[in-house]
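Look over the sequence and the structure first, then read the points below.

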Amino acid sequence: MLSSVSRRYNLKLSSVSLSRFNSSVAGFKPPFIPITAEKGFPDAVGNTPLIKLNHLSKETGRNIYCKAEWMNPGGSVKDRAALYMIQQAEKRGAITKGATVVEGTAGNTGIGLAHICRARGYKCVIYMPNTQSPSKMNLLRLLGAEVYPVPVKPFTDPMNFNHQARRHAEKLDNAIWTDQFDNLDNRQAHIETTGPEIWSQLNGKVDAFTCSTGTGGTFSGITRYLKEISNGKVLSIVADPPGSCVYSYVKSGGKSLERAGGSFTEGIGQGRITNNVAQDISLIDDAIRIPDEESIAMLYRLLDEEGVYTGGTGALNVVAAVKVAQMVPEGSNVVTILADSANKYADRIFSKKWLESKGIYDAIPAHLKKYVALE
Ligand SMILES: Cc1ncc(COP(=O)(O)O)c(C=O)c1O
């Protein structure tokens, strides 16, 4: 299995001849796959660790594993989609040297694109809702991207950030709008990388998978791969924050797009069924909606008990994994995704004032409030 993964990623297993060292070293087998990203930054995307959450596994009697996607070189799961969409555009000849890559993004895809654009010599232009955390916008600017924060508008409105990004690209020569929501290269990145990595890391013993959706590329791609490789045996449950329609769409068999409420999480939640989600809707076994109170409490618990510093969507996904654990037999392996770290949101999610403004401060258990370190 390991050798097939290393072939897929072009990874270089250690080429150092151990016989040059003394005998105690000569017999030593490294407990990891040493990676050399020979082709630069893009080559370091993917192949992230799968971390077992010990306390939650013990508590539920099921093994809960999370994919540490913050360990991608740009800091999130979206590095995978960003890289794959650019690679495919290059293969199609849609962009050449000096091109401009334009995207509408809540942040992480933009960060991934900005890194890869720097590594490839492309210009990067990002449109994003002006409600996103200022630190994400600053990071994009630091990475050389041109950033346009725009008012939040529904997808049906021509001023929605995605349509503005598309129009920007259409006005330029040698430019693409990567269109992450409906571009199936996004989902394909997870069919070819994240799904196989999870399967390989658990030696094919995957019983259930759950995560939330933004574009849906991560959830759909992994679901597609795990369903196909397991002949449909892996249970796949989509998790949704308040204010997103995926839950009601799945529960109503495609009849409702109800999306009441809102969430403190950033990067997930939808008002429509994207092309990436639509491909695999028939593979979804069930949907669960996770209240913000449970997500924020889990975010602090993960920090305190597991040493895991994840953002809101990762915490929501772990709440979902705990619920999914109740649907499978004892000893089963349940997998979810930690899309990024808490870094970009720290000034919000560790601020008492901000948490109170969202009505979620009281959801943090008393013994964990010591982590609310900011005013
Ligand atoms: C923090 C975070 N979590 C989850 C997601 C959702 O991933 P996907 O777009 O693959 O559904 C995103 C997407 O941008 C994100 O930024």
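Leaving aside neighbours within four places in sequence, Thr 336 is in contact with Cys 66, Thr 210, Cys 211, Asn 317, Val 318, Ala 320 and Ala 321; contact means that C-beta atoms, placed from the backbone, lie within 7 Å. This is a predicted model: local features need pLDDT of at least 70, side-chain atom pairs count only at pLDDT 80 or more, and totals for chains, interfaces and linings use all residues. Residues are numbered from 1 along each chain as its sequence is written.

**Thr 336 and its surroundings**

- Thr 336 sits in strand E10 (residues 333-338). Strands (E, at least two residues) and helices (H or I, at least four) are DSSP runs, numbered from the N terminus.
- Thr 336 counts as buried because it has 28 C-beta neighbours inside 10 Å. The cut-offs are 20 or more other C-beta atoms within 10 Å for buried, 12 or fewer for exposed, and in between for partly exposed, with C-beta atoms placed from the backbone.
- Thr 336 and Ala 321 are 15 residues apart in sequence, yet their C-alpha atoms are 6.4 Å apart in space.

**The mixed sheet**

- E10 belongs to an open sheet of 6 strands, in the order E1-E2-E10-E7-E8-E9, with mixed pairing. Two strands pair if DSSP finds at least two bridges between them.
- Strand E1 (50-52) and strand E9 (286-289) each have a single partner strand, so one side of each is left without a neighbour in the sheet.
- The twist averages 25° from one strand to the next. Angles run from 0 to 180 degrees between N-to-C directions, and axes are lines fitted to C-alpha atoms, for helices over the stretch in contact.
- E1 pairs with strand E2 (residues 63-68) in the antiparallel sense, over 3 bridges. Leu 50 has Lys 67 in E2 as its bridge partner.
- Helix H9 packs on this sheet and touches strand E7 (208-212), strand E8 (235-240) and E10. The direction of H9 makes about 170° with that of E7.

**The parallel sheet**

- A second open sheet has 4 strands in the order E5-E4-E3-E6, and the pairing is parallel.
- Strand E5 (146-150) and E6 are the edge strands, and each pairs on one side only.
- Neighbouring strands here are turned by 15° against each other on average, direction ignored.
- Strand E3 (residues 100-104) and strand E4 (residues 123-129) run parallel and are joined by 5 bridges. Gly 104 stands opposite Tyr 127 in E4.
- Helix H5 lies across E3 and E4, at about 170° to E4. Helix H6 (residues 134-142) lies across E4 and E5, at about 155° to E5.

**Domains**

- The assignment gives domain 1 (2-36), domain 2 (50-75 + 190-371) and domain 3 (78-177). Domain bounds come from an automatic or database domain assignment.
- The centres of domain 2 and domain 3, taken over C-alpha atoms, are separated by 25 Å.
- Contacts link 18 residues of domain 2 with 15 residues of domain 3.
- On the domain 2 side, H8 and helix H14 (346-349) are the elements that give two or more residues. H8 gives the most, with 3 residues.
- That side of domain 2 divides into 2 nonpolar, 10 polar and 6 charged residues. Ala, Val, Leu, Ile, Met, Phe, Trp, Tyr, Cys and Pro count as nonpolar, Asp, Glu, Lys and Arg as charged, and the others, Gly among them, as polar.

**Around the ligand**

- Which of the 19 residues around the ligand come nearest? They are Gly 214, Thr 218, Gly 267, Thr 313 and Ala 339. A residue is near a molecule if its C-beta atom, placed from the backbone, lies within 6 Å of it.
- Helix H5 (108-120) and helix H9 (217-229) are the elements that give two or more residues to this shell. H9 provides the largest share, 3 residues.
- The shell has 5 nonpolar, 12 polar and 2 charged residues.
- Domain 2 and domain 3 each give at least three residues to the shell.

**Two residues with positive phi**

- Asn 174, a residue other than glycine, has a positive phi near 50°. Asn 174 lies in the loop between helix H7 (161-170) and strand E6 (175-177).
- Asn 174 is partly exposed, with 13 other C-beta atoms within 10 Å.
- Asp 179, also not a glycine, has a positive phi near 55°. Asp 179 lies in the loop between E6 and helix H8 (184-201).
- Asp 179 is buried, with 20 other C-beta atoms within 10 Å.

Technical notes: Contact = placed C-beta atoms within 7 Å.
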